[in-house]
Amino acid sequence: MSGTSAAAGAYVVGRSLLHRAPAGPKLAALMLCSLALLLVRSPLGVALAALVVAGLYALAGVGGRAAWGQVRPLRVFVPVLFALQWWLMDLTSAAVLSTRLVVLVALAGLVTCTTRVADLLGAIERGLAPLGRVGVDVERIALVLALALRSVPVIADLAGRVRDAQRARGHEHDVRAFAVPLVVGAMRQADALGEALRARGFDD
């Protein structure tokens, strides 16, 4: 059973094996799989990795819309990266690098789709617990890391929406028309987040 994802990176309610798996092992598996994927250099290797991740999404039952939401913000960036790598290197290398990036983002998105923020925060706190013995504010660090994990897809989705609006107005190649709304939107997101944190006593 699954719900819907309101935005990229949002938790999707479900009862799959991935939903029930503890957040800590999922984060550890994400880190290990990401490191392993960075070592993959062949088209066959990244293709197999993509199939595995697609299978995991199917196993999680998060739905095609939620799955697409995880990689949708890359639809503007990846073609540019692909063209640049093709120009600097070769077609095969460009395809491998671009596909690997999409798979990495999709894999991270799968974790956020199947794990509640509170569980992510708790897992990070437990992982950083040894640092608390030397005076490190583990709770605050865990909060920052959790916010960063959730903010990346939000800002990426914002960039995609700004790019769509820019294209609709016929300013597709105007850097200023893209950068200014993106910066303003990101600052608004930061202000809203800051207000929420201050309301919860994180203003010191």
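Q85 is buried, with a relative accessible area of 13%, where buried means under 20% relative accessible area, exposed over 50% and partly exposed in between, computed with a 1.4 Å probe on protein chains only. This residue lies in helix α5, and, when residues up to four places away in sequence are not counted, Q85 touches D90, A94 and L97, contact being heavy atoms within 4.5 Å. The model is predicted, and local features need pLDDT of at least 70, side-chain atom pairs count only at pLDDT 80 or more, and totals for chains, interfaces and linings use all residues. Residues are numbered from 1 along each chain as its sequence is written, and side-chain values use heavy atoms, with hydrogens and water left out.

The chain as a whole has nine helices and zero strands; helices (H or I, at least four residues) and strands (E, at least two) are DSSP runs numbered from the N terminus. Buried residues make up 32% of its 204 residues, and of the contacts with a separation of 6 or more, 65% join residues 24 or more positions apart.

Helix α4 (residues 64-71) has A66, G69, Q70 and V71 buried, and the buried residues of α4 pack against α3, α5 (74-88) and α6.

Helix α6 (residues 91-114) also meets helix α3 (residues 43-60), their axes coming within 9 Å and crossing at roughly 20°; axes are lines fitted to C-alpha atoms, for helices over the stretch in contact, and angles run from 0 to 180 degrees between N-to-C directions. The two helices α3 and α6 are therefore roughly parallel to each other, since angles under 35 degrees count as roughly parallel, over 145 as roughly antiparallel, 65 to 115 as roughly perpendicular and the rest as oblique. Among the residues making this contact are V46, V53 and Y57 of α3 and V96, V103 and L110 of α6.

Helix α2 (residues 23-38) packs with α6 at an angle of about 175°, the axes being 10 Å apart, and α2 and α6 are therefore roughly antiparallel to each other. Here K26, L27, L30, C33, S34, L37 and L38 in α2 meet R100, V103, L104, L107, A108, V111 and T114 in α6.
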